Amino acid sequence: MLISKNTSTCTHDVVSTDRLPPPRPQNGNTEHRLCRLDEIDDGASKEMTVPDSDSTLCLVRKGPTVYAYVNSCPHTGAPLNWDGDQFLTWDGDMIQCAIHGALFRITDGRCMWGPCLHQRLTAVPTIVREGVIMLANKE
Ligand code: FES
């Protein structure tokens, strides 16, 4: 696959995408557009609907890199967000579950405090190409 100079990929561990339906290819592509990178402020988070699914994602932008996780806490399966796009602690350093306050590292989704200690959020592979965040298919 030819990738332009403006492309960066998330390098954090991908735990599983089994809970997500595969995105339908669009015009032969195996990636699915989520949103533009500049729709998420640097250091902020955003809730995104998964195409053709009832699932939502938690996206967190750190500079040119986007971390994406299924919006489901490993403790109970409840959504992580406080409200809409609010997934992060007040200082933006961790993802925090709104139900019991578990804290997850942004870079790999590992729980560092809370009832699901050391479990991980389900990472979703993404790619940023020419300023657009794409959901990358497993294929
Ligand atoms: S549901 Fe997330 S910490 Fe309990």
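Biologist: Which residues of the largest nonpolar core touch the most other members?

Modeller: A word on the model first: it is predicted, with local features needing pLDDT of at least 70, side-chain atom pairs counting only at pLDDT 80 or more, and totals for chains, interfaces and linings using all residues. Residue numbers start from 1 along each chain as its sequence is written. In soluble globular proteins, nonpolar side chains tend to be buried together. Here the largest core has 31 residues, and those touching the most other members are Leu 57, Cys 58, Leu 59, Val 60, Tyr 69 and Ile 95. A core is a set of buried Ala, Val, Leu, Ile, Met, Phe, Trp, Tyr and Cys residues joined through C-beta atoms within 7 Å. Buried means 20 or more other C-beta atoms within 10 Å, exposed 12 or fewer, and partly exposed in between, with C-beta atoms placed from the backbone.

Biologist: Which elements give two or more residues to this core?

Modeller: They are strand 4, strand 5 and strand 10, and strand 5 gives the most, with five residues. Strands are DSSP runs of E, at least two residues, numbered from the N terminus.

Biologist: What does Leu 59 touch, leaving out residues up to four places away in sequence?

Modeller: Its contacts (C-beta atoms, placed from the backbone, within 7 Å) are Ile 40, Ser 45, Lys 46, Met 48, Val 66, Ala 68 and Ile 133.

Biologist: In what order do the three strands of the open sheet lie?

Modeller: Strands of a sheet pair through backbone hydrogen bonds, either parallel or antiparallel. This sheet has the order 3-4-5 with antiparallel pairing; two strands pair if DSSP finds at least two bridges between them. Five bridges join strand 3 to strand 4 (residues 56–62), and Met 48 has Leu 57 as its bridge partner in strand 4.

Biologist: Which residue in the turn between strand 9 and strand 10 has a positive phi?

Modeller: Most residues other than glycine have a negative phi, and most peptide bonds are trans. In this hairpin, which has two residues between its strands, Glu 130 has a positive phi of about 50°. Glu 130 is exposed, with 11 C-beta neighbours inside 10 Å. Four bridges join the two antiparallel strands, and Ile 127 has Met 134 as its partner in strand 10.

Biologist: Which face of strand 9 is covered and which uncovered?

Modeller: Thr 126 and Val 128 form the covered face, whereas Ile 127 and Arg 129 form the uncovered one.

Terms used
Contact = placed C-beta atoms within 7 Å.
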